[in-house]
Amino acid sequence: MEPLELIIVLLCVLLGLGRGADLAFATDAATGLCTAGAVWWRYLALGAVVLAAVLAGRSRPLPPEPLRSRRPAAGVLAFAGAVCMLAAGAAQFVLAAGTVSTFVRILLEVACAVWLSNLGRSWLRGDGWKTPAGGLPLAIAGSALFYWNVLMRFMENSSSWHRVQPTAAVWQEMAALLLLAALARTLYLPRSENGRSLHAAALAAFCLCLCWELPRVLLLLAAGFGGGMAAVLPELLSGLALCCIGGMGLACIGQGKAGNN
């Protein structure tokens, strides 16, 4: 990693630690409203770190060759994300109401899980890189899950700017969508501009999907062990899948070297 990338990673980790403290001590668990400090400071910190991550990623191209080689960390995280995605779909099927939107989301979660598992298998192969099975159509179907989630956030969520979590969740879903779409373009439709887009999307996903989401996942896990696991299980599993995708983004670029595509 370049020094600038390391600085961005450190900023993302600090943002996650701050988010954890904010959720634990300055946010009402029942309503999601902030109980101390101005809500705009939360958005300013999040926006500043994400902007820095995107600018740092766009500052140099990432060659596609590292993606077409054995990458154990990225492969393990891709498989973990696939397992969490399948489990989230199963939990929704069992626990959630049988609405059309829930059924569509479950189908997209299955497609995303298959796409992630194919990526993981390609990165973990010991006999050389092979392009993930399923091709570009499966990659598009897997990425579409997060586009669907963005739409449903707007349609189902009565969020406001004063409730940071549901509002920032839209940004998280978009970051995951951009990362998976950039991966698909780089693997199947390599072009000169894809390296910068993938680099920026990977750093943004690490910030939004892992560092920003992990504190909330830990709180959901604590609530589940406190006796309400059935109520939080689908959201917990979806959050874990998001964390895996954010970590996968960083693992994808971790061994990348500057160069021209």
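Glu-109 and Arg-105 both sit in helix H4 (residues 100-124), four residues apart, or about one turn of the helix, where helices are DSSP runs of H or I with at least four residues, numbered from the N terminus. The model is predicted, so that local features need pLDDT of at least 70 and side-chain atom pairs count only at pLDDT 80 or more, while totals for chains, interfaces and linings use all residues. Residues are numbered from 1 along each chain as its sequence is written, and side-chain values use heavy atoms, without hydrogens and water.

**Salt bridges**
- The side chains of Glu-109 and Arg-105 meet in a salt bridge at 3.2 Å, N to O (a side-chain nitrogen of Lys or Arg within 4 Å of a carboxyl oxygen of Asp or Glu).
- Across the whole structure, a search finds seven salt bridges.

**Helices H6 and H7**
- The axes of H6 (residues 164-188) and H7 (residues 194-211), which come within 8 Å, cross at roughly 150° (lines fitted to C-alpha atoms over the stretch in contact, with angles from 0 to 180 degrees between N-to-C directions).
- Residues of H6, including Trp-171 and Arg-185, meet residues of H7, among them Asn-194 and Cys-209, contact being heavy atoms within 4.5 Å.

Terms used
Helices (H or I, at least four residues) and strands (E, at least two) are DSSP runs, numbered from the N terminus.
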